[in-house]
Amino acid sequence: VAAVSALPRQDPKADVEVEISHSTLNYKDAMIVLGQKGVVRDFPITPGIDYAGVVARSSSPLWREGDAVVLTGNKAGQYFDG
């Protein structure tokens with residue numbers, strides 16, 4: 001059963017690696033690619049603010065290998081690689 005719910009806080013020391021199946025590029029991504037100041041903290045960085053996929057590896061108790069996930073925003077592509 002699919003559901004939408006508030007997400008718990010992720011432990012910042014835990015890593016979750018996602019095998020991405022779908023991604024989008026939008027206006028913020030274009031600004032990053034063009035090197036516009038104010039969008040990211042440090043270069044180089046891989047843009048990609050939105051994606052969907054499956055958890056490949058996880059050291060977090062919140063996400064298991066094989067979990068289907070969607071990420072929209074959450075500083076992906078701005079503070080860490082998208």
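In this talk, a residue is called buried under 20% relative accessible area, exposed over 50%, and partly exposed in between, with a 1.4 Å probe and protein chains only. By that rule Arg64 counts as exposed, at 59% relative accessibility.

Colleagues, a word on the basis of these values. This is a predicted model, in which local features need pLDDT of at least 70 and side-chain atom pairs count only at pLDDT 80 or more, while totals for chains, interfaces and linings use all residues. Residues are numbered from 1 along each chain as its sequence is written, and side-chain values use heavy atoms, with hydrogens and water left out.

I begin with the overall architecture. The protein contains one helix and three strands, arranged β-α-β-β from the N terminus on; helices (H or I, at least four residues) and strands (E, at least two) are DSSP runs, numbered from the N terminus. Along the principal axes, the C-alpha atoms fill a box of roughly 40 × 25 × 20 Å. Of the 82 residues, 28% count as buried. With a contact defined as heavy atoms within 4.5 Å, 61% of the contacts between residues at least 6 apart in sequence join residues at least 24 apart.

How many salt bridges does a search of the whole structure find? There are two, where a salt bridge is a side-chain nitrogen of Lys or Arg within 4 Å of a carboxyl oxygen of Asp or Glu. One joins Glu17 and Arg57, at 3.6 Å from N to O. Because Glu17 lies in strand S1 (residues 16–24) and Arg57 in strand S2 (residues 50–58), this pair ties together parts 40 residues apart in sequence. Glu17 is partly exposed at 41%, whereas Arg57 is exposed at 51%. Another pairs Asp67 with Arg64, at 4.0 Å from N to O.

Finally, I consider Ala76, in the segment after strand S3 (68–72). Is Ala76 buried or exposed? Ala76 is buried, its relative accessible area being 0%. Its C-alpha atom is separated by 16 Å from that of Arg9, 67 residues away along the chain.
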